[in-house]
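This report describes the surface, fold and principal pocket of the chain shown below.

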Amino acid sequence: MQKLEAAGVIDRRVAIVPPERIGLGLTVFVEIVAADHSQDWRDAFAALVAEYREIVEVHRMAGEVDYLLKVVVEDTAAYDSFYLDFTRRLPCRNVTSKFSMERIKATTALPIDTTEP
């Protein structure tokens, strides 16, 4: 671990906390289709997502959806509040929410070969 940290491979160490144990019982995957593809819109989007602690992951996608957000909140009321605020602050062509019913697998481990030659 120390060698990987010294080499700059490890950015930080974290504790893994199951969200439901701290009152965050709802995970929502939010598909965003941009209002346009201008640099101004992308900059506004990046600045906005950085403001929300509820957004724990953001991915720029290929295909019909431009961005995929992973949002973790207490319940549907909290998500509705997030959704209304987010969509009020940034024009989007489409926003689709997909609610996770069950987390079957969750890991932060990357599929690297840990055996030494």
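## Surface and burial

The chain exposes about 9100 Å², of which carbon and sulfur atoms supply 52% (Shrake-Rupley method, 1.4 Å probe). Of its 117 residues, 23% count as buried, that is, under 20% relative accessible area.

The model is predicted: local features need pLDDT of at least 70, side-chain atom pairs count only at pLDDT 80 or more, and totals for chains, interfaces and linings use all residues. Residues are numbered from 1 along each chain as its sequence is written, and side-chain values use heavy atoms, with hydrogens and water left out.

## Fold and extent

Three helices and four strands make up the elements of the chain, in the order α-β-α-β-β-α-β from the N terminus (DSSP runs: helices H or I, at least four residues; strands E, at least two). The radius of gyration, taken over C-alpha atoms, is 17 Å, well over the 13 Å that the globule rule gives for 117 residues, so the chain is more spread out than a compact globule. The rule is 2.2 Å times the number of residues to the power 0.38.

Along the principal axes, the C-alpha atoms fill a box of roughly 50 × 35 × 25 Å. Among contacts (heavy atoms within 4.5 Å) with a separation of 6 or more, 68% join residues 24 or more positions apart.

## The largest pocket

β1 (26-34), β2 (55-60) and β3 (67-73) each supply at least two residues of the lining of the largest pocket.

Note on methods. Buried means under 20% relative accessible area, exposed over 50%, partly exposed in between (1.4 Å probe, protein chains only).
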